[in-house]
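These entries record what I looked up in the structure, topic by topic.

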Amino acid sequence: MKSSRSSWGAILLATATGVLTVRAAEDTVDFSHEIRPILSDRCFKCHGFDDETREADLGLHTFDFATEDLGGYQAIKPGDPDASEIIVRMMSDDPDDVMPPAKANKPHLSPEEIDLFRRWIKQGAKYEQHWAFVKPVRPEPPAIAQKRATVRNPIDQFVLARLERENLAPSPEADPHTLIRRLSLDLVGLPPTPEEADAFAKAYAADGETAYLAAVDRLLDSKHYGERWARQWLDLARYADTNGYEKDRPRSIWPYRDWVIEALNADMPFDRFSIEQLAGDMLPNATADQRIATGFHRNTMLNEEGGIDPLEYRFYAMIDRVNTTGTTWLGLTVGCAQCHTHKYDPITQTDYYAMMGLLNNADEPAITVPDSQIAAKKAATEKEITKAEAELIGKIDPTKFDAWLIEQKAQSAPWTSLEPTSLKSNLPHLVREGDGVVFASGDFTKRDVFTLTYDLSGISQPITAFRLEALPDERLPANGPGAAYYEGRSGDFFLSEVAATSAGRKLAFSGASHDFGKIYIGNGSAAAENVFDGDGSTGWSTATAEGRPHEIVISLATPLDPASGPLEIELLFERHFVAALGKFRLSATTATHPVAARALPPIDPLSASDKELRLAYARTAAEMAEARKPLEAIEKKRPELPTTLVMQERPDDNPRTTHRHHRGEYLNTKEEVTPAVPKVFPPLPEGAPANRLSFAKWLVDPERNPLVARVTVNRAWRAFFGRGLLNTAGDFGVQSEPPSHPELLDWLAVEFVERGWSLKQLHRLIVTSATYRQDARTTPELLERDPTNTLLARGPRFRLDAEIIRDSALATSGLLSEKLGGPSVYPPQPPSVSEAAYGSPKWTPSPGQDRYRRSLYTFAKRTAPFAAYLTFDGPTGEACIARRDRSNTPLQALTLMNDTMFTEAAAALADSTLSGLGPNPVESEIVAAELFRRVLTREPDQSELTDLIGYYESQLARLKTGELATEKIGGNDSATPEHAAWTMVARVILNLDEAVTKG
């Protein structure tokens, strides 16, 4: 196998400019860049990697298959093109024999292509591994003949060498104001202020290189760097603040978004950045931050439609996670192998599910997020509650309390907790936790059955009643006690039926009571007797009271003799969503008087202190309702720590198996697969467990994964230049177009790893190159020869992302809030956007500075994405996005001119500009120039000023005559015609192509 450098050096790749392929040696045919692309395009679909659909048992994807004896002939006979069946078929005029056949809808090979194949076969028909699957080797930067060309770092040598081969010259360096604007937009996603631009220009005039490097370092150190680059990563992570699908309810996962920002600002090495997101929970002594990081794969959508199979949609979530992992760290379309072996790349369907197996052994809890400020506020509130409780106790009527206590004691009894000797379930994992407590975890269904066996030999008297306690736990959704996590209320449960048997005899129940009961979805009561009425559609639930303990007491019709044998209890949880108990305990009593559930568990009237009893009475008695209101008001103010969604590896005694799914169908499971990486790559290290953590480490091991560094640097290059060195961002496979600068791609990949996986150093390297600093203006020649700037003979120029456009408008107007992190916010947008979604949820704009937070913090609803961002090709959060589209539509201009966000920004821009110029009226030329500079950074030329002033004067006249409404345009009742006219000028400038373009 050739080295990466030598194989690339054999050929100059064809590009979108139409430059013809030229071979370094006329008689040498390069398989990777001349033969494989044709095979992939015309042949592999029918004669490629997928052995289930391979026609005529002929494979052309490997040397062994292509040269196999097919019964006296070969498709390819090395050294003898005339005896190679593939040449015969390519040249045939018979529609039944010619390849590719008409049904393939592919063009026949041209004479030049057939000649290429003939010469390649004559030379031995050598096959080579696809370049992307070969570990990159650092090539030497080429020598440059152009003496006048500027070389700032090795990037320029690779670019200039390519330009020399194309007989093109680089563009001159852009002017200082363009450079600082480009840098600011790229590194922090915000434009520079006129003061920053002028300071840079002044320093640049004195010492250009020193000034430029200082500006780069200042921006890389900015707290806004992480915000700018987090947005690109969140596109890959398919981040959103809702669950998706039909109901698309809100979720709390913004702490993950904040973790990404903080990690990028801290320049966390990309290998660690990746490992913590994929398997941070599995690291030794995992911190809260490392657990939060695993939210990357909790961004999958969650279906809450009534009646769905939760395990089916967990499977679809796993499909999404495998595909997203393939796109993000491998740059491959691995999703093509969900249903069948990949048609073009060497990834089998078994490879696909083996990779799923590495990710598939995790549970998906929500955890609380530490926050010192909230914790302090909560502690202060608890002190207020304690004081209010004392005051409430002081208002108790002793006579009524005594009567209540007598009643409570009369129906109480001593209880003995039962320790199960056997635990069985249909699927959930049941574990004993001591003192009779059972905890359920793992996978739940819509009909879960728990069967528990108890040894009653430790009880001497006949048992008259059982008590089932539903216990809260922070490991459960909303702290439990139930396992419900979708459709119903988080932490809810629905106990449909309780059955008890002993010595083969079913025990009869005579009555039941509970401390609290409420059904959240559907009709009917939550009466305690429902649990033994023989009707699975009725039952006991404690909806709206999650996070607290509850209990149900069931009396036996006939006392049970403990000596009769073991007790078997069956608990049925049946609902149209997951509704099992997550933590519970069974106890028994031998009391001979009627017993009932306690009014406020776990207060036991027989053992609680006087203070506990009085507080229990004060909190529950109807006659204390009015007196409780001050306490309840304080409790409503109690702040709660935020939660976020994470991954958590399952315990060793409850692993989840993975199977291959025929045709990718959930119900069509085949053989169990062993977790592994695709066989085309080196395997996991010997001795490493086949789990999520090993896989995460493998993905960022440059010795084993030849793609990760290439994919990452190519993604960064695309962000700066609008086009990657490999333009197919999510596909480095055989079907991808070749890189425009392959040696530069490999050099950057190796450099990235050797610099410690530092994204900031990678970004610094790119923006300090002379290639990046070129003027973006084009010429007719360049436009004709290289319309997409593939050859990099000029600087980058393309429309900004949606979020940067809005953030720039807010920044130039002075409205932008600099607050970092926190829950997502709601900028203004037309109410109709969210009203069209399920349930017609209201979109209430956030007050104060939250109205003007950076766009990264805008609440992202998958089924109703923020309208302005979607207009500018923003993502929906439904799938991993490696490359955004970049469109140009009239809706974009209409948004910039009329959307509330931009009209507010224009009014604020006009107001702050006029205020900044002093209390006295100033010349229109000065105001126009200042507005222009705040938005576009550079100075306007005289013709631009003349146009702006002319527009201002024409609109001012309309305002003064009342043709236009001054207060409406100016944004408030006190607006003057002059202010409103300048607001209209500001709207025009914000709508300019240059305002939404990086040039």
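How do the residues of the lining of the largest cavity divide into nonpolar, polar and charged? I worked from a predicted model, and there I counted nine nonpolar, five polar and three charged residues in that lining.

**Entry 1: the largest cavity**

For the model as a whole, I recorded 11 cavities of 30 Å³ or more.

**Entry 2: the second largest cavity**

For the second largest cavity I noted a volume of about 130 Å³. I listed its lining as Trp229, Gln232, Trp233, Leu264, Phe270, Phe273, Thr712, Arg715, Ala716, Leu759 and His763. Sorted by class, the lining holds seven nonpolar, three polar and one charged residues.

**Entry 3: helix α8**

I moved on to helix α8, which runs over residues 176-187 and has 12 residues. From its first C-alpha to its last I noted 16 Å, close to the 16 Å expected at 1.5 Å a residue.

Is α8 largely enclosed or largely open to the outside? I recorded 10 of its 12 residues as buried, so α8 is largely enclosed by the rest of the structure. The buried residues are His177, Leu179, Ile180, Arg181, Arg182, Leu183, Ser184, Leu185, Asp186 and Leu187. I noted that charged side chains such as those of Arg181, Arg182 and Asp186 are on this list.

I also examined both ends of the helix. At the start of α8, I found a side-chain oxygen of aspartate 175 within 3.1 Å of the backbone nitrogen of histidine 177. After α8 comes glycine 189, and I noted its positive phi, near 75°.

**Entry 4: isoleucine 406**

My last entry concerns isoleucine 406, which I located in helix α18 (residues 398-410). Is this residue buried or exposed? I noted a relative accessibility of 61% for isoleucine 406; the cut-off for exposed is over 50%, and therefore isoleucine 406 counts as exposed. I then looked up its separation from proline 605. The two residues are 199 residues apart in sequence, and I recorded 9.1 Å between isoleucine 406 and proline 605 in space, C-alpha to C-alpha.

Notes:
Residues are numbered from 1 along each chain as its sequence is written. This is a predicted model: local features need pLDDT of at least 70, side-chain atom pairs count only at pLDDT 80 or more; totals for chains, interfaces and linings use all residues. Side-chain values use heavy atoms; hydrogens and water are left out. Helices (H or I, at least four residues) and strands (E, at least two) are DSSP runs, numbered from the N terminus. Buried means under 20% relative accessible area, exposed over 50%, partly exposed in between (1.4 Å probe, protein chains only). On a 1 Å grid over the protein atoms alone, a cavity is a set of points where a 1.4 Å probe fits but cannot get out, and a pocket is an open set with protein on both sides within 12 Å along at least five of seven lines; lining residues have an atom within 4 Å of a point. Grid points are joined across faces, edges and corners, and a volume is the space filled by probe spheres set on the points. The expected span of a helix is 1.5 Å times one less than its number of residues. A polar contact is a pair of N or O atoms within 3.5 Å; within protein, one must be able to donate a hydrogen and the other to accept it, and residues adjacent in sequence count only if both atoms are side-chain atoms.
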